[in-house]
Amino acid sequence: MTYIVAIAGKGGVGKSTLSSMLIQALSERTGEIILAVDADPNANLGDKLGVEVEGTIGQLREDLLERADEIPTGVSKQDMVMYHLRLAMVEGKKFDLITMGRQEGRGCYCYINNLLRTFLDNVMEDYPYVVIDNEAGMEHLSRRTCQRMDALIVVSDPTSVGITTARRILELAKEMEIDFSSNLLVINRVKGELPANLLEDIEDAGFDNWTILPHDEEIELLTEQGLPLTGLSRDNISTESIRKLAQQLR
Ligand SMILES: Nc1ncnc2c1ncn2[C@@H]1O[C@H](COP(=O)(O)OP(=O)(O)OP(=O)(O)O)[C@@H](O)[C@H]1O
Ligand SMILES: [Mg+2]
């Protein structure tokens with residue numbers, strides 16, 4: 001059964017950074033090709049993974065709506081959607097990436113959205129691991145882009161406000177009855193020791209487990225230069241922590 005990891009958290013805390021590094025680490029650990037889903041309308045997971053994204057599901061959805069009458073005879077609408085979904089996929093050595101993109105236009109998307117959801121579910125079944133990089137905040141949880149996940153990872157900065165947001169995201173996921181079997185809080189960009197009051201906040205936040213990732217100047221530098229994180233050095237300080245994190249997953 002496919003193991004789905006969803007990464008959530010408030011804006012700018014490092015969701016896409018963690019997603020891209022976790023995808024690499026999971027692939028290295030298991031030897032499998034990971035399905036990476038960029039579910040942030042403001043997509044940038046492809047940049048972090050160092051691949052060119054040529055089409056998003058959002059753009060394809062628009063094309064499909066516009067050209068619904070042009071479907072050749074003998075081709076079902078479902079086949080057409082599946083074909084387009086494959087077009088929006090970038091295939092790499094360690095991962096295949098699907099970029100959801102924005103919902104463009106104002107047409108009625110229910111039919112196509114439902115089809116897409118079904119097909120995404122089907123595509124996911126072909127992979128042992130799926131990592132979903134979500135948009136900031138919690139709206140995506142209420143929209144239920146993903147019904148089921150195995151691990152919910154919430155990323156936070158090392159601040160009280162950040163931990164409070166992380167706690168709310170976990171609470172909302174539970175309220176929405178989203179099906180997840182494990183949850184993990186990742187405190188990112190930690191410099192030195194965590195202060196005692198923050199440790200208390202973390203303990204109170206209600207996560208099953210938590211871990212930290214160090215503030216990493218190499219990540220910062222590559223991002224500033226617009227370079228992918230696949231270029232991190234072998235002895236990078238975060239890579240080892242993320243490898244350990246990947247080991248905690250199935
Ligand atoms: N451990 C780290 N050390 C140093 N810089 C980091 C670290 N993690 C993330 N960053 C930097 O923080 C910024 C935000 O990271 P990232 O884009 O991954 O966050 P995000 O949560 O995906 O943001 P958004 O909500 O906009 O999608 C980037 O400039 C990134 O390089
Ligand atoms: Mg992001």
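Why is strand E6 largely enclosed by the rest of the structure? Eight of the nine residues of E6 are buried, so the strand is largely enclosed. Buried means under 20% relative accessible area, exposed means over 50%, and partly exposed lies in between, with a 1.4 Å probe and protein chains only.

## About the model

This is a predicted model: local features need pLDDT of at least 70, side-chain atom pairs count only at pLDDT 80 or more, and totals for chains, interfaces and linings use all residues. Residues are numbered from 1 along each chain as its sequence is written, chains are lettered from A and ligands numbered from 1 in the order in which they are written, and side-chain values use heavy atoms, with hydrogens and water left out.

Strand names follow DSSP runs, numbered from the N terminus: helices are H or I with at least four residues, and strands are E with at least two. Strand E1 covers residues 3-9, and seven of its seven residues are buried. In a regular strand the side chains alternate between the two faces of the sheet. Both faces of E1 are covered. Tyr3, Val5, Ile7 and Gly9 are buried on one side. Ile4, Ala6 and Ala8 are buried on the other.

Two strands pair if DSSP finds at least two bridges between them. E1 pairs with strand E5 (residues 129-133) in the parallel sense, over five bridges. Isoleucine 4 has valine 130 of E5 as its bridge partner. E1 also runs parallel to strand E6 (residues 148-156), again joined by five bridges. There, isoleucine 7 is partnered by isoleucine 153. E6 in turn runs parallel to E7, with eight bridges between them. Leucine 152 has asparagine 183 of E7 as its bridge partner.

## Two buried residues

Asparagine 188 sits in strand E7. Its relative accessible area is 10%, so asparagine 188 counts as buried. Its side chain reaches the backbone oxygen of valine 13 at 2.9 Å. That is a polar contact, meaning a pair of N or O atoms within 3.5 Å; within protein, one must be able to donate a hydrogen and the other to accept it, and residues adjacent in sequence count only if both atoms are side-chain atoms.

Leucine 97 belongs to strand E4 (residues 95-99). Leucine 97 is buried too, with a relative accessible area of 0%. The C-alpha atoms of leucine 97 and valine 37 are 5.8 Å apart, although the two residues are 60 residues apart along the chain.

How many residues surround ligand 1? There are 17, and the closest are Lys15, Ser16, Thr17, Asp216 and Thr223. A residue counts here if one of its heavy atoms lies within 4 Å of the ligand. Oxygen atoms of ligand 1 make several polar contacts. One lies 3.1 Å from a polar backbone atom of valine 13. Another contact, at 2.7 Å, goes to an N or O atom in the side chain of lysine 15. A backbone N or O atom of serine 16 is 2.9 Å from a ligand oxygen.

Aspartate 216 also has a contact at the start of H9. A side-chain oxygen of aspartate 216 comes within 2.8 Å of the backbone nitrogen of glutamate 218. Just after H9, glycine 226 takes a positive phi of about 70°.

## The second largest pocket

A pocket is an open set of points on a 1 Å grid over the protein atoms alone, with protein on both sides within 12 Å along at least five of seven lines; lining residues have an atom within 4 Å of a point. The second largest pocket holds about 470 Å³ of space. Its lining has 26 residues, and those closest to its centre are Gly12, Val13, Gly14, Thr17 and Lys48.

Helix H1 (15-30) gives the most to this lining, with five residues. Elements supplying at least two residues each include strand E7 (179-190), strand E8 (209-214) and helix H10 (237-248). By class, the lining has nine nonpolar, ten polar and seven charged residues. Ala, Val, Leu, Ile, Met, Phe, Trp, Tyr, Cys and Pro count as nonpolar, Asp, Glu, Lys and Arg as charged, and the others, Gly among them, as polar.

Terms used
1 Å grid on protein atoms, 1.4 Å probe; cavity = no way out; pocket = protein on both sides within 12 Å on 5 of 7 lines; lining within 4 Å. Points joined across faces, edges and corners; volume = space filled by probe spheres on them.
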